Amino acid sequence: MGIQNAIVKFNVGGRIFQTTATTLANAGRDSFFGALFDDNWDLQQPINGREFFIDRNPDCFAVLLDLLRTGDLYIPFNVPERLLYKEAMFYGLIGHVRSAKRGPFDGNRLKLSKSVTGRAPGDGTAIRAGPDGGCCVAHGSMVHVFDWMLEEHPPLNLDYQRVNDIGWLNAESVLISACERLGRGDGGMGLFSSYTGDLRYKFNVVHDNQIKSYTAGALCFSPDYKIFASCKGRSNEYGIGVWDQFTGKQIDFFYETPGWSLGEADKLQWLNGTTCLLVATLFPRKDNCYISLLDFRQKSTVWSWSDIGAPLTVDEKRVRDAIAMEDCNSVCVVNEYEDLGFIDLRVSGGSVRWSSRSRLMKGKMPDEPCYPKLALHNGQLFSSMNDSISVFCGPDWVLTSRLRRSYGGSICDFSIGGDRLFALHSEDNVFDSWETPPTPVI
Amino acid sequence: MSNQKKRNFQIEAFKHRVVVDPKYAEKTWSILEHAIHEIYNHNASGLSFEELYRNAYNMVLHKFGEKLYSGLVATMTAHLKEISKSIEAAQGDLFLEELNRKWNDHNKALQMIRDILMYMDRTYIPNTHKTPVHELGLNLWRDNVIHSSKIQSRLLSMLLELVHRERTGEVIDRGLMRNIIKMLMDLGSSVYQEDFEKPFLEVSAEFYMGESQKFIECCDCGDYLKKAELRLNEEIERVTHYLDVKSEVKITNVVEKEMIANHMMRLVHMENSGLVNMLLDDKYEDLGRMYNLFRRVPNGLSTIRDVMTSHLREIGKQLVTDAEKLKDPVEFVQRLLDEKDKYDSIISQAFSNDKTFQNALNSSFEYFINLNNRSPEFISLFVDDKLRKGLKGVSEEDVEIILDKVMMLFRYLQEKDVFEKYYKQHLAKRLLSGKTVSDDAERSLIVKLKTECGYQFTSKLEGMFTDMKTSQDTMQGFYASHPELTDGPTLVVQVLTTGSWPTQPSITCNLPAEMSALCEKFRSYYLGTHTGRRLSWQTNMGTADIKATFGKGQKHELNVSTYQMCVLMLFNNADRLSYKEVEQATGIPASDLKRCLQSMACVKGKNVLRKEPMSKDIGEDDAFFVNDKFTSKFYKVKIGTVVAQKESEPEKQETRQRVEEDRKPQIEAAIVRIMKSRRVLDHNNIIAEVTKQLQSRFLANPTEIKKRIESLIERDFLERDNNDRKLYRTMNYVEEGLVSKSKRSSQLLVSKTEEDGSIKILFVEHKRFNDLCRSARLVTPLMIPSATLPSFGFDPTFTWPQKLLISKPRLPRKLVAFVTSF
């Protein structure tokens with residue numbers, strides 16, 4: 001591009017804009033402006049001093065030009081947001097708009113950006129943040145998909161069976177695990193297009209060379225393109241199934257051993273450092289909690305913990321959620337009073353070291369409690385309890401922030417991804433989107 | 001032209017989005033189609049990007065994405081078919097150039113088309129899971145151009161032809177080659193592999209098969225390897241110039257297989273130039289090349305290693321069994337060391353210090369050194385030689401190097417205890433005759449032996465050094481307490497501890513009167529200062545310095561052995577003495593006496609005595625005179641005794657017998673240790689375990705082990721199983737407490753039941769037993785009925801009842817079960 005510093009004149013929908021090629025270069029090669037300035041295309045017209053005509057909305061163009069100039073997005077009142085997004089799509093600048101809308105995720109600087117009210121009749125099951133800021137919400141047998149503009153796409157369902165877990169394979173695909181329906185082959189696990197809601201693939205479980213129907217529970221993905229799901233078969237086929245993301249074929253199955261639970265697990269978590277899978281089955285799905293670390297290469301359980309035989313204390317601390325923190329070599333657990341506990345991952349059969357901190361909660365339990373959930377993001381630990389989410393930081397996990405909104409009732413699930421935190425409330429089918437505001441001007 | 005189009009467009013009044021002209025899609029598409037034609041025809045300068053982009057955008061927006069996409073596929077396909085025809089038409093070498101040019105054109109066009117259709121690429125394609133524009137362009141190129149029947153085979157044969165021409169030394173256009181190969185890679189790894197790599201590898205295999213056949217007929221091994229290396233490097237270079245990096249492993253595999261793996265045996269065994277010749281001639285470069293090339297193929301290194309090992313064993317066998325070469329032990333060992341040096345440097349310089357080669361070298365040495373059962377003796381003699389004279393003027397580091405080399409040979413020995421025996425003898429001689437060159441070197445070797453074999457191995461050797469030191473102090477004390485002894489002969493006594501030194505039982509000879517008086521004085525002094533000791537003279541090991549005046553007044557100082565001194569002193573009182581008279585007067589054993597007379601009467605230059613008749617050997621009837629005519633240019637004359645440095649045959653037998661005798665208790669101790677822990681074991685396993693335990697000292701003979709086992713059975717320590725005669729079980733009931741006392745009276749065998757149920761067997765010094773009882777709570781009183789043994793318990797003053805250990809009678813049966821004497 002020999003015209004880097006040349007002044008470019010545009011006539012956009014009748015209004016004249018002048019800018020430099022350098023400013024437009026900020027749009028990147030994969031945009032309208034990038035292609036326009038490529039040597040392949042003849043750019044005689046604007047250089048001749050004549051303006052370059054674009055048949056688009058000048059107000060939106062002004063906003064987007066400022067975005068290219070300053071990196072900040074400022075939307076005046078007279079520009080509808082939806083129109084701006086449309087225009088950004090035309091110029092190929094939608095990625096710029098999205099990243100300018102919010103800053104890098106920080107649990108201590110979150111602001112509520114939007115609350116979305118759904119129309120599902122039942123209680124929410126799960127909410128999952130997508131990689132590019134969208135989310136999907138499971139209610140009963142339906143999954144509603146929202147893109148990063150929080151616009152709803154066609155909903156998904158797997159034979160209208162009750163959904164147990166959902167997950168984003170990538171920005172275009174959502175995975176659903178659902179209950180089976182006896183004798184019909186319904187349910188199991190399916191892959192859907194997040195744009196159109198089409199079912200693209202249905203995963204099978206094979207035992208003894210026979211395809212079996214099954215109920216899929218918790219889901220998890222690994223960076224080497226595998227899908228893990230807890231499975232309950234018709235007979236004794238309980239365990240963790242493994243599928244290949246490209247071929248969709250089942251490549252492994254880890255059967256649970258008697259006296260231990262894998263097939264009904266509430267939570268799966270892939271650990272990159274040790275290349276093991278954390279499987280947690282928790283109260284009240286089972287009478288006891290079972291947490292284990294599976295090594296699929298050797299088909300062995302390399303670490304396990306259970307509260308079987310542990311004396312029930314007066315305040316009855318039952319583990320309700322668990323998350324492995326590889327950096328600290330421990331598993332963090334939480335009970336229904338939002339006490340955090342830690343189990344050492346380096347020794348098998350250790351005990352929970354509770355850090356009692358929120359005794360005040362006792363006696364203030366709402367009528368319809370939701371079980372607490374845990375999440376870990378960039379060294380920050382998040383824990384949901386009733387209608388708020390607590391953020392813990394530092395080596396000792398000090399409580400640093402609490403996110404709360406006045407209505408919607410208890411939070412039954414939350415998820416972090418695409419620089420956003422989504423919290424699903426149990427009442428009113430409301431979910432909130434929290435995000436970090438753009439970096440300050442100075 | 002573009003103005004006219006714009007006008008047409010505006011007439012369609014498309015701003016009213018609600019009303020869509022039924023022909024709208026057709027018209028818009030025709031504009032875009034036209035643009036695509038213009039782009040392919042290099043006529044894009046007249047096109048308006050903005051207009052085309054907007055049109056494509058509008059088509060997608062108005063749900064004509066499908067039409068746009070299928071139109072694109074059709075248009076591009078049509079163009080590629082035309083392109084394919086023009087490439088087909090290219091003649092000869094121009095074909096590749098035309099292909100390359102069209103490929104560049106297509107890429108540029110594809111980029112521009114993608115620019116126009118960017119909105120479709122970003123929204124419509126992911127939603128419908130269609131192939132993105134760029135990938136689509138590559139796929140269509142692959143299907144319509146590369147896989148067109150008239151191009152595919154022609155392209156392949158031209159590429160292979162170029163490679164072949166380059167292999168035969170021609171210069172080719174590598175840039176063009178790289179571009180074409182790059183195109184195949186851009187089309188996907190499967191295209192590259194199927195359309196080029198696979199046939200390329202096949203053709204290469206064929207080429208190298210032929211070439212290697214040609215080379216192996218006419219080249220010697222070294223030249224062949226050079227050529228193979230060159231070819232290998234050429235192929236690697238080819239890959240870096242114009243092939244996919246992933247092909248490197250594949251093509252080198254082909255060369256390795258065809259040029260090396262298939263001819264490995266023939267190369268190694270090639271007459272006059274194979275591996276053995278390289279080893280003989282120290283051809284480091286060739287060996288290194290062979291190593292590096294063979295390393296690349298399966299079994300390559302093991303082939304080299306096997307040939308080297310068998311060659312080395314052959315050479316080594318010759319070295320250690322050739323009677324001619326056994327004459328001089330020092331030479332013998334030196335040859336071994338030279339051989340070791342030679343192969344060490346081959347391995348370090350040519351075989352990159354490969355551990356497996358070092359192991360092969362070690363095992364070969366171990367193999368052939370032990371073929372000759374005199375190796376331990378010779379190695380000890382070599383050390384003796386070095387420490388006597390060889391190390392003079394050699395720096396400390398060099399001494400260390402020599403000693404380290406000797407230790408290396410020592411490590412190969414299986415019969416280390418034999419070495420120890422000889423070493424002790426040789427060390428004793430060195431110490432007593434004061435011939436040791438360097439005390440530091442001696443001690444350093446002892447330290448090395450200690451680290452190699454443990455304290456037990458060297459404790460006696462160290463005791464010898466201590467004796468030497470104490471003797472010096474004793475002599476100072478003796479002369480200090482006898483100040484009157486300044487005149488007359490000087491006596492130097494070295495007091496040796498029995499057991500530490502190799503003693504040869506000898507009869508004390510009759511010393512001259514002056515000497516025996518002095519000896520008596522020393523004896524009374526020594527016994528006066530040390531109680532409870534016995535002193536016996538070893539006259540066969542001493543030396544003496546005497547002053548002699550011969551017939552013409554010539555004076556000499558003679559350095560002789562004690563025996564020789566006794567003989568010479570006789571001539572102070574007599575001119576002529578017969579052999580019988582000498583024998584009677586001195587009381588020296590006949591063999592020693594003959595040897596000592598021989599050395600004084602028959603050795604030229606040292607003949608202080610004269611003998612009648614003049615002959616080499618000493619007869620019973622010979623007579624001896626002082627040789628008045630004795631002359632020597634030196635004042636001091638050293639008269640050595642004629643001694644065989646190497647052991648004579650009977651001596652050898654004796655040493656061997658002693659070694660065998662010493663091994664017995666060691667084998668027994670090992671059997672006891674093993675049986676204590678195993679309780680029941682079959683014959684073969686006992687043999688195996690005993691051999692393993694004793695490996696560091698000697699290689700136990702299975703028949704000897706069997707004899708020992710039988711002896712232990714006789715002594716009620718072991719018994720045979722009633723059902724399976726091959727099975728032995730220990731009679732000792734090793735539940736708790738004391739078990740048995742070993743034959744060497746200073747040690748007790750104690751077993752201890754650990755908390756986890758395992759049983760530990762300890763050898764405990766007798767006097768430490770009480771401490772052990774206190775600290776480890778070894779013995780449970782319950783197991784020993786206190787009524788029978790009232791004195792037994794944990795009392796620190798407890799002493800072990802000797803009777804109990806040695807005899808069975810009078811003890812209740814139960815106790816006999818734990819305590820067995822043997």
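Predicted model: local features only at pLDDT ≥ 70, side-chain atom pairs only at ≥ 80, totals over all residues.
1. Start with the interface. Chain A and chain B bury about 2300 Å² between them, and 59% of that sits on carbon and sulfur atoms. On the chain B side, the residues that lose the most area to chain A are B:Phe49, B:Glu50 and B:His129, which together make up 25% of what that side buries. In terms of contacts, 26 residues come from chain B and 25 residues from chain A.

2. What about polar links across it? The rule finds 7 residue pairs in polar contact between chain B and chain A, both partners at pLDDT 80 or more. It also finds 2 salt bridges across this interface.

3. Which helices of chain B each supply at least two residues of the side that touches chain A? They are H3 (49-61), H5 (94-116) and H6 (118-128). The largest share, 7 residues, comes from H3(B). Sorted by class, the chain B side that touches chain A has 13 nonpolar, 8 charged and 5 polar residues.

4. Over in chain A, have a look at A:Ser426. This serine lies in the loop between strand E32 (420-425) and strand E33 (430-435). Buried or exposed? A:Ser426 counts as buried, because its relative accessibility is 9%, and the cut-off for buried is under 20%. Leaving out residues up to four places away in sequence, A:Ser426 touches A:Asp123, A:Cys370, A:Gly408, A:Ser410 and A:Cys412.

5. Back in chain B, helix H12 (residues 247-260) has 14 residues and reaches 19 Å from its first C-alpha to its last, close to the 20 Å expected at 1.5 Å a residue. Its buried residues include B:Ser247, B:Ile251, B:Val254, B:Val255, B:Glu258 and B:Met259. An α-helix has 3.6 residues a turn, so residues three or four places apart point the same way. B:Thr252, B:Glu256 and B:Ile260 are also buried in H12(B). What covers the buried residues of H12(B)? The cover includes helices H8 (149-167), H10 (189-218), H11 (221-242), H13 (264-268) and H15 (284-294) of chain B.

6. Last one: helix H28 of chain B (residues 649-678). H28(B) has 30 residues and reaches 43 Å from first C-alpha to last, close to the 44 Å expected at 1.5 Å a residue. Just after H28(B), B:Arg679 takes a positive phi of about 70 degrees.

Terms used
Residues numbered from 1 in each chain as written. Chains lettered and ligands numbered in written order. Heavy atoms only, no water. Contact = heavy atoms within 4.5 Å. Buried area = accessible area lost by both parts, 1.4 Å probe. Salt bridge = Lys/Arg side-chain N within 4 Å of Asp/Glu carboxyl O. Polar contact = N/O pair within 3.5 Å; in protein donor to acceptor, adjacent residues only side chain to side chain. Helix = DSSP H or I, 4+ residues; strand = E, 2+ residues; numbered from the N terminus. Nonpolar A, V, L, I, M, F, W, Y, C, P; charged D, E, K, R; others polar. Buried < 20%, exposed > 50% of the residue type's maximum accessible area, 1.4 Å probe, protein only. Expected span 1.5 Å × (residues − 1).
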